[in-house]
Amino acid sequence: MEKAFDEKEMERKLKKDQKAREKEEKRLKAKQKEAIRLRAQAVSDESKKSEKKQRKRGAVDENPEDFVDPETPAGQKKLLASQMAKQYSPSAVEKSWYSWWESSQYFVADASSSKPPFVIIFPPPNVTGVLHIGHAITVAIEDAMIRWRRMSGYNALWVPGMDHAGIATQVVVEKRLMRERNLSRHDLGREKFLSEVLRWKDQHGGTILKQLRTLGASLDWSRECFTMDDNRSKAVTEAFVRLHKEGLIYRDNRIVNWDCSLRTAISDIEVDYFELTEETLLEVPACSTPVQFGALINFAYPLEEGLGEIIVATTRIETMLGDTAIAVHPQDERYKHLHGKYAIHPFNGRKLKIICDAKLVNPSFGTGAVKITPAHDPDDFDTGKRHKLEFITIFTDDGIINENGGPQFKGMPRFSARAAIIDALKAKGLYRDTKSNMMRLGRCSRTKDIVEPMMKPQWFVDCSTMAKAALDAVKSKRIEIIPQQYEQDWYRWLENIHDWCISRQLWWGHRIPAWYVTLEEDEEKEMGHYIDHWIIARNESDAILEAKQRFPGKNYQLDQDPDVLDTWFSSGLFPLSVLGWPDSTADLGFFYPTAVLETGLDILFFWVARMVMMGMQLGGDVPFKKVYLHPIIRDAHGRKMAKCLGNVIDPIDVINGTTLEDLGKKLENGNLDPSELDKAKEGQKKDFPNGIPECGTDALRFALISYTSQSDKINLNIKRVHGYRQWCNKLWNAIRFAMNKLGDQYTPPGNIAVCSMPPVCKWILSVLNKAVGKTISSLEAFKFSEATSSIYSWWQYQLCDVFIEAIKPYFNESEELEPARGACRDTLWLCMDTGLRLLHPFMPYITEELWQRLPQPNEACRKDSIMISEYPSVVQEWTNDQIENEMETVLGVVSKLRSLRPHTDIRERHPAFVLCRGVDVAATIQHYQSQITTLASISSLKILTEDDPIPHDCATNIVNKDLSVYLQLRGAVNTEVEREKLRKKRDEIQRQHDTLSQKMNASGYREKAPQSKQDEDMKRINALLEELEIISEAESELNANH
């Protein structure tokens, strides 16, 4: 791109940015002071409420300031309050940590390191605006991978960047100019318009970078890049020159998607296609009235020599002005006598040859005769090439009928001409009828204009050989696509790839490095008329040298192509260009190819495939070894997120919380048309009537990752995100409990003897081991939701619900429990330290804050931050299958006993009984009797054998064939309710029995099923029969006692 501002402009801009930063810092400091005051007040209020309770307990008076974090200078390690706040606050926890991580250079990778590299290129967000929730899931997944790998000993590099987003940015700036100043880009001129775009880029690029930091993205900011900075621009020019030299870039006059509003070719990704099933009126830019689509118009062309007429049909009647032939099927008997004859165009007298084409014509559709407009239809273009037809363009760049359309229609907008042509056909008696017709219509996603297929001279990339290499890379597993189901889409697209139009008639973007030589002696002076007058060069100096060599002694004028390159061209080079290509840099040598490309499945072809093609062609290797495609986020109703629906979510609004009023203000400051604005506000009011509650970064990240199990779409519900925010409070309280029980003087031992611990301590470490193993294997397999599920289950259901509750009795003041109490402390510390490190990649802020509060062993070489500490790995000594099996039985007993407690008095403790059918199971229950009593909240637990009588007034439940439980409710037993419970249990067991029995009796079971499986099934069927007998006994006892 030409330089848009000089050094003085740059100096002015830097001063302005400095002032803006200073102003923002003052605002943030004021906000932080107010937050401290409010939090101190809140703590004070809470303190007053609990004053009586504290006095009763003889507690020391609390100072509210002890619960408020001191102000931390920017970039320094966060200063923590002397006391943990009683409740988790995302805004309090998540401040200060990021600037410390960044200033400590924890995110920076080293190309000279001996560690193995792990590299991700962050998909560069468009500079057009702010990040949306789709970017947030990218950040959450990629940062989880990077933090995990960094903690696992890898030289982890995550490269940040931003895309100039040619067409998107230009459209936004043009709209704003027109709305605010009533100016078009042509009114300003190219240089002034580019200055406007650069101002927009600087304003919004800063917002995006701030959002990324808020989301906790541990990007290596020392390698930050922009697709139009000097190094990336150099790479783009070099790629164009090399590909042209290799014969892969060429210029040709071909059909492209043309936007008449923007007056440029656009890519397929910028076209929204939708199906019309009937005649439909649609609003179209620059048209005062709605335009009819989905209508098939039949009209007649008169034939020469008095042969009558031939009827054709079209949904775009205006294109008949460019017709140059009529095609029929060679085997169609109706038209065999017309082969080689001519029809006469009614408005200009042009002779239209009747041609035979079996590839294009379906004789059973319509009249079997097809009008051919080679310059305005992709299929007709190919037909025109096959039959060497004349190509006549009838539209100007802005969709006006040109002189080729004839004097009767010249100067008419294309859709106004539509009605005029029908009237003219009627006047000549050639109009036949109009019928509803299903059709596929394309609209530009940016301007909403109807896309016009137009033949235009453009630059193209020949993709055939590069596509084959990209196909082979996936087939040979040099690149693995995850989920694997998308491999078939990859094959289908690349096997049917078309050449890629890479030129755009825009001003914002990389100027095409092509210069056109206009010789003084040329008859045609129009740029591009002579294909051999183009010169491809790295700069104007090189172009001048080549022009002198190619046209020695000639007088000429040299002009650079005003067009710019498709944004996807520079994006396709990103894995190479961010590492320094075309120069042989240390980064390129060490970090290329990268490890993983993570992105949305919707740009698998537009971006991923092009990166692979260009990386292999120019870089000599695949750009990445794995491609992970995350689902596309939709709203809670399953709708695609769109600004006009008001359902686009700014992740910062979820993190900080926001009101409905502020959501509406964001829409007002956007680029929506007034009609769209009202609709969007209505959508917001319906979805967020009370605004969005504060959830915090950690809860948002964890929720988004947990959603990734949902195939190709995520229906995002903010309530689920808020649920994880409440779970963070659970983690907070778990650490508060641990800190209280560990005490101020606790120092973890360097080595902890697991063998001498109480069974519940052995159990929690064993299941923690499984959670660690499951999390690591899930991360390695890119099953991120399984990783979050494993971590969540351990923290919630095993640590908090079981272990913490089970060890509380050990912390009474009994001296005889001191050895066990010490083991519980050590285990508690191990769990907190390991559990926080396990969780850190997913929830970086809360884990850092809580980990920093944990005591560390004296002899340990403690890392300064959790993010550079070691990621947990499986400890073989912790695995204890026997203890886990025993605890599974214990927790089964606890669950069944808890289910028997009446809802009316759940706090009252009742006596309980366990009927054990076997010596081993009785020994297990005896061994864990105190844990069962604690966890089930019962007053006592007595173990019964099959010979013991069942106490009266008991509700009953069956754990398995070996265990039944009873809860004595002292007259509160509802016999009918108990009978219904047993009936449901019987039905369930009977259903399982019947299903398994049917499977075992099926044909071929004994021949095909392995003997071990048959033995397992037989064991299971016998156990189910025993349970049915136990249920019958329980029913008999219930009837006997009542």
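The legends below describe several close-up views of a predicted model.

Residues are numbered from 1 along each chain as its sequence is written, and side-chain values use heavy atoms, with hydrogens and water left out. Because the model is predicted, local features need pLDDT of at least 70 and side-chain atom pairs count only at pLDDT 80 or more, whereas totals for chains, interfaces and linings use all residues.

**View 1. Helix 25 against helix 26.** Helix 25 (residues 784-807) and helix 26 (residues 818-839) have axes that come within 12 Å and cross at roughly 165°; helices (H or I, at least four residues) and strands (E, at least two) are DSSP runs numbered from the N terminus, and axes are lines fitted to C-alpha atoms, for helices over the stretch in contact, with angles running from 0 to 180 degrees between N-to-C directions. The two helices are therefore roughly antiparallel to each other, a term for angles over 145 degrees, while those under 35 count as roughly parallel. The contact (heavy atoms within 4.5 Å) involves I791, W794, W795, L799, F803, I804 and I807 of helix 25, and residues of helix 26 including C824, M832 and L839. By class, the residues of this contact divide into 14 nonpolar, two polar and no charged, where Ala, Val, Leu, Ile, Met, Phe, Trp, Tyr, Cys and Pro count as nonpolar, Asp, Glu, Lys and Arg as charged, and the others, Gly among them, as polar.

**View 2. Helix 24 against helix 26.** Helix 24 (residues 759-780) packs with helix 26 at an angle of about 10°, their axes being 10 Å apart, and that makes helix 24 roughly parallel to helix 26. Helix 24 contributes C761, I764, L765, L768, A771, V772 and T775 to the contact, and helix 26 contributes A823, C824, T827, L830, C831, T834 and L838. These residues divide into 11 nonpolar, three polar and no charged.

**View 3. Helix 28 against helix 30.** Helix 28 (residues 881-900) and helix 30 (residues 929-936) pack at an angle of about 35°, with 9 Å between their axes. On the side of helix 28, V890, L891, V893, V894, L897 and R898 meet I932, L935 and A936 in helix 30. The contact of these two helices has eight nonpolar, no polar and one charged residues.

**View 4. The lining of the second largest cavity.** This cavity is lined by H164, G166, I167, E270, R504, L506, W508, G509, V564, L565, D566 and T567; on a 1 Å grid over the protein atoms alone, a cavity is a set of points where a 1.4 Å probe fits but cannot get out, and lining residues have an atom within 4 Å of a point. The elements that give two or more residues to the lining are helix 6 (166-181) and strand 25 (564-565). By class, the lining has five nonpolar, four polar and three charged residues.

View 5. A cis peptide bond, with omega about 15°, joins W581 and P582, and P582 is found in the loop between helix 16 (574-577) and helix 17 (586-591). The peptide bond from Y592 to P593 is also cis, with omega near 0°, and P593 is found in the loop between helix 17 and strand 26 (594-600). K388 has a positive phi of about 55° although it is not a glycine, and the place of K388 is in the loop between helix 10 (378-387) and helix 11 (414-427).

Definitions and conventions:
Angles under 35 degrees count as roughly parallel, over 145 as roughly antiparallel, 65 to 115 as roughly perpendicular and the rest as oblique. On a 1 Å grid over the protein atoms alone, a cavity is a set of points where a 1.4 Å probe fits but cannot get out, and a pocket is an open set with protein on both sides within 12 Å along at least five of seven lines; lining residues have an atom within 4 Å of a point.
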